[in-house]
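Here's a quick tour of the structure you're about to see. Have a look at it, then follow the notes below.

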Amino acid sequence: MNLSMVSNYLHIIAMSVWVGGMFYIMLVEVPVLRNSLGSSDFTSNMTLLGKRFQKVGWFLLLILLITGLSNIMLEDSIADMMKNDNYAKSIVAKLILFTLMVVNTAIHTFYLGPKMSNLAKKSSAEDNDDLSEEYNKLKKRSMISSGFSLLLSLVIVYYGLIASKI
Ligand code: HEM
C-alpha cells in the first residue's frame, strides 16, 4: 500500500462513517425513538446522541478535508490532472459543496442545537404555548438542515467518483 492508497482508503472510510451516520440517524434512531418515547424524552435522547454525533462528525469532516487535499497532492502529476476538465471541475465542485456543508453543520451545531436545548429546558419548566411553537419551528429547521447536509454529501460523493475515474 503506498501513501496515495492510504489517503484514498482513509477518505473512503471517513466518507462512509459520515454518510452512514446521517442515514443511521434518519432511518433508525429518529423513527425508533419517536415510536417508543414521549416528546420530552425523545428530545433529551436526540440531544444526547446528537451531541456525540456532532463531535464525531467534526472529526470526520477534518479527516475528509485532509485526505481530500492529500489525494490531490499525491497524484502522480497534479498539473496534468488539473488540465483534465472533469477532474478540475469535480475538485472545484467538491470544495464549494464541502464549504457549504461545513457552514450548514456549524449553524446546526453552534446555533440551532444550543437554542433548541435551551428552549426544551425552558418549556419543560413552564408550560408555555409560544415556547413550544418556537421549539417546533427550530426542530423543523434542524431537520431541514440535516437533510441538506445529507444531500450535499451525496452530491460530493458523486464528484468524488468522477475525480477517481480519471
Ligand atoms: C475538501 C474536501 C474534499 C476534497 C478536496 C476531496 C478530494 C477528492 C479527490 C481528489 C478524490 C479522487 C481520489 C482519486 O484520485 O482517486 C476524491 C475521491 C472521493 N471523495 Fe473526496 N474530497 C473532499 C471531500 C469529500 C467528502 C466530504 C466526501 C463525502 C462525503 C467525499 C467523497 C469521496 C468519494 C466517495 C471519492 C471516491 C473514492 C474512490 O472511488 O476512489 N470527498 N476526493
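Let's start with Tyr158, which counts as partly exposed at 48% relative accessibility (buried means under 20% relative accessible area, exposed over 50% and partly exposed in between, using a 1.4 Å probe and protein chains only). Before going further, note that this is a predicted model, where local features need pLDDT of at least 70, side-chain atom pairs count only at pLDDT 80 or more, and totals for chains, interfaces and linings use all residues. Residues are numbered from 1 along each chain as its sequence is written, and side-chain values use heavy atoms, with hydrogens and water left out.

**Aromatic pairs**

- Searching the whole structure turns up 3 aromatic pairs (ring centres of Phe, Tyr and Trp, the last by its six-membered ring, within 6.5 Å; planes under 30 degrees apart are stacked, over 60 edge-to-face and the rest tilted).
- One of them is stacked: Trp18 and Phe53 sit 6.1 Å centre to centre, with 5 degrees between the planes.
- That pair ties together distant parts of the chain, as Trp18 is in helix α1 and Phe53 in helix α2, 35 residues apart (helices are DSSP runs of H or I with at least four residues, strands are E runs of at least two, and both are numbered from the N terminus).
- Trp18 is buried, at a relative accessible area of 5%.
- Tyr158 pairs with Tyr159 edge-to-face, at 5.2 Å centre to centre and 70 degrees between the planes.
- Tyr159 is partly exposed too, with 27% relative accessibility.

**Helix α5**

- α5 has 36 residues and runs 52 Å from its first C-alpha to its last, close to the expected 52 Å (1.5 Å times one less than the number of residues).
- Its buried residues include Leu131, Tyr135, Leu138, Ser142 and Ala163.
- The buried residues of α5 pack against α1, α2 and α4 (contact means heavy atoms within 4.5 Å).

**Around the ligand**

- There are 24 residues around the ligand, and His11, Met15, Glu75, Lys94 and Ser164 come nearest (near means that a heavy atom of the residue lies within 4 Å).
- A polar side-chain atom of Lys94 is 2.4 Å from a nitrogen atom of the ligand.
- On the oxygen side, an N or O atom in the side chain of Glu75 lies 3.1 Å from a ligand oxygen atom, and for Ser164 the distance to a ligand oxygen atom is 3.4 Å.
- Elements giving two or more residues to the shell are α1 (3–36), α2 (39–73), α4 (85–125) and α5 (129–164).

How values were computed:
Polar contact = N/O pair within 3.5 Å; in protein donor to acceptor, adjacent residues only side chain to side chain.
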